[in-house]
Amino acid sequence: MAQITYRDALRQALVDAMEADDSVLVIGEEVGRYGGAYGVTKGLIEQFGQARVLDTPISEAGIVGTAVGAAMSGLRPVAELMYVDFIGMTMDQLCNQAAKIRYMFGGQIGVPMVLRTQGGTGRSAGAQHSQSLEGLVMHTPGLRLVMPATAYDAYHLLRQSLVQPDPVVFIEHKGLYTMKEEADLAAEPPAWGKAVVRRPGADLVIVTYSRQVHQALAAAEALAADGIQACVIDLRTLNPLDFDTVRTEVEKVGRAMVVSEAVMTAGVAAELAARISEECFDYLEQPVLRIAGEDIPISVSVELEANSVPTPALIEHAARRLVE
Amino acid sequence: MNASPSGAAPDGARGSNDHLLERYRDMRRIRTFEERVGELFVRGESAGSMLHLSIGEESAAVGAVAAMRDGDTFTTHHRGHGIFLARGADPDRMMAEIGGKDTGYCRGKGGSMHIADMGLGHLGANAIVGGGIPAVVGAGLASKREGRGAVSTAFFGDGAMQQGILYESMNMAALWDLPVMFVCINNQYGMGTRIDRATRGTQLHERALAFGLAARSVDGLDVEVVEEAAQELFEGARGGKPGFLAISCFRFFGHARKDKSPYRTEQEEREGRERDPVRHTRERLVAEGRDAADLDALDATIAKEMDASIDFAIGSDAPAMDSMFRDVYGPDEAAPESVRARLDRVLARA
């Protein structure tokens with residue numbers, strides 16, 4: 001099997017999708033000649049030309065709005081938002097337009113577009129370039145939300161996003177682009193909208209997604225050295241949300257925590273913890289814990305930044321207390 | 001499609017009395033439809049009071065739509081009934097939608113501010129000021145790619161002239177040579193704020209010129225003046241030179257049905273309503289030899305048509321409750337679980 005980075009898997013997904021479907025086009029800031037701020041779209045403009053790889057002015061709302069209109073007109077736009085932190089610029093087009101058009105118009109038409117963006121900490125990018133804003137998306141009915149943790153998932157979930165009938169917000173993690181893994185992209189794709197158990201375990205369940213999957217796996221490894229077996233669930237998509245897998249594992253084990261890089265209050269972890277508490281109450285031996293980002297902006301300092309979001313050490317600490 | 005929208009070939013050549021009669025009929029249909037919308041509200045049969053009438057703006061809708069062709073697409077603002085009617089909308093289905101009925105264009109889920117119809121190229125009315133503008137850039141991209149020559153038009157009011165998204169959109173349309181039109185129906189008021197209280201730059205087309213669009217501002221009293229400017233700009237847009245047209249008119253009534261316009265004087269309203277494009281056109285027709293009795297008969301026919309639309313709306317059923325969770329996602333996707341169903345499921349386990 002070949003080694004491939006998360007970034008190259010994403011690029012390969014775009015190339016393969018554009019070759020397979022002439023209606024797919026890429027639109028965004030610096031996606032063409034520059035090759036993408038994080039290099040995901042490198043080489044696309046040379047291969048597919050300016051008509052399908054559109055460099056735009058710095059106009060985030062206009063980019064998303066253009067993608068909405070293009071998607072309503074038979075195209076499959078992949079709009080790129082350079083940082084998820086810029087999502088505020090696009091909220092009307094994303095949440096009032098893309099998300100609601102099918103419903104408001106009585107099912108006449110959908111908006112099959114993908115908004116690719118990236119978020120998270122790890123590059124000392126500061127408070128306006130390091131956030132995890134998936135909660136805003138998850139809070140808006142009509143938007144699908146995808147957050148891959150591996151290169152294999154990045155490839156397949158992006159390909160699958162490009163055949164969805166509805167708008168998909170696809171949030172990559174900036175800390176994963178250079179991560180390499182053995183992956184056979186030609187292998188059977190994962191089922192869309194299904195979580196995956198990354199590691200089985202009989203003592204507690206860690207529900208997570210995106211880069212925190214790797215932090216959770218690192219914590220699980222350390223716990224295993226002391227005989228504590230943590231099950232790690234990677235949700236892969238937050239909408240659709242595969243709660244069946246979560247429920248099944250939590251009911252087996254009776255202890256659960258949710259790990260998310262997004263800030264804790266009113267966040268994705270809060271929603272997941274509430275659901276687990278509500279639906280698995282009779283099986284729980286301990287309160288469901290949230291291990292989430294601190295309720296503060298992200299600092300540019302490497303040390304402060306690293307401790308603003310869950311670390312393997314924090315996950316491990318909480319897990320030990322949970323199984324005591 | 002309903003009888004003779006402006007986009008259909010008129011009986012007479014432009015500038016002829018027959019041509020003007022066509023335009024008069026389309027404008028009268030809008031005027032009467034809007035009056036009936038007001039009646040629907042008074043009778044308590046509209047879904048809410050978010051009803052924005054375009055009375056006084058009929059020449060803008062009819063004149064601009066006259067330049068549209070089959071296959072063209074458009075978005076409108078929240079005051080868009082007239083534009084859609086001019087483009088050929090069925091008043092029955094419009095009125096039903098305004099009443100929140102299942103027989104409406106959007107099955108009662110959209111209402112006055114979210115009417116859309118893909119069959120007529122209506123990509124949607126919008127309740128966010130400026131919200132529908134960038135979609136025409138995307139539609140223009142698709143049209144250019146397919147070489148269809150179709151123009152996509154954003155209709156909006158003077159309020160949207162102060163929204164940033166307009167400038168992002170005009171800039172991209174010009175940058176990419178797209179077949180796109182921006183039509184500003186300047187009725188002098190963004191809700192209760194008169195244009196000169198919202199901006200120092202009241203020569204609206206100058207802003208579009210700055211972005212490299214072809215642009216004009218015209219007075220909306222005479223529908224043929226509007227139409228002539230629209231034809232010129234749409235022709236350029238079809239060739240890849242996007243255009244901007246500002247049409248000056250006066251919003252006869254308040255922002256929405258319950259607004260009694262405390263922010264403007266009676267004198268201003270009186271003078272504004274003297275600039276009535278429907279009456280102006282009628283007077284022109286009569287002056288040019290059209291029999292006033294024929295026009296009265298036409299008005300009466302239109303009144304009956306629009307009365308029937310009220311009956312249709314009132315007689316239609318509300319959407320079925322089970323449609324509530326439909327169309328959040330695509331037709332083959334699982335519908336969201338209702339709060340009630342979820343509660344029952346959770347409590348059954350407890």
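View 1. The centres of domain 1 of chain A and domain 2 of chain A, taken over C-alpha atoms, are 26 Å apart. The model is predicted. In chain A, domain 1 covers 3-182 and domain 2 covers 196-323, according to the domain assignment.

**View 2. Where domain 1 meets domain 2 in chain A.** Domain 1 of chain A brings 23 residues to this contact, and domain 2 of chain A brings 22 residues. On the domain 1 side, at least two residues each come from helix 6 (134-138), strand 6 (144-146) and helix 7 (151-161) of chain A. That side of domain 1 of chain A holds 10 nonpolar, 10 polar and 3 charged residues.

**View 3. Chain A against chain B.** Here 38 residues of chain A contact 36 residues of chain B. Four helices of chain A each give two or more residues to the chain A side: helix 3 (60-71), helix 4 (87-98), helix 5 (101-104) and helix 10 (268-279). Helix 3 of chain A gives the most, with 8 residues. By class, the chain A side has 16 nonpolar, 16 polar and 6 charged residues.

**View 4. The fold of chain A.** Chain A has 12 helices and 14 strands. Its C-alpha trace spans about 60 × 45 × 40 Å along the principal axes. Of the 324 residues of chain A, 58% count as buried. Among contacts in chain A between residues at least 6 apart in sequence, 78% link residues at least 24 apart.

How values were computed: Residues numbered from 1 in each chain as written. Chains lettered and ligands numbered in written order. Predicted model: local features only at pLDDT ≥ 70, side-chain atom pairs only at ≥ 80, totals over all residues. Domains from an automatic or database assignment. Contact = placed C-beta atoms within 7 Å. Nonpolar A, V, L, I, M, F, W, Y, C, P; charged D, E, K, R; others polar. Buried ≥ 20, exposed ≤ 12 C-beta atoms within 10 Å, placed from the backbone.
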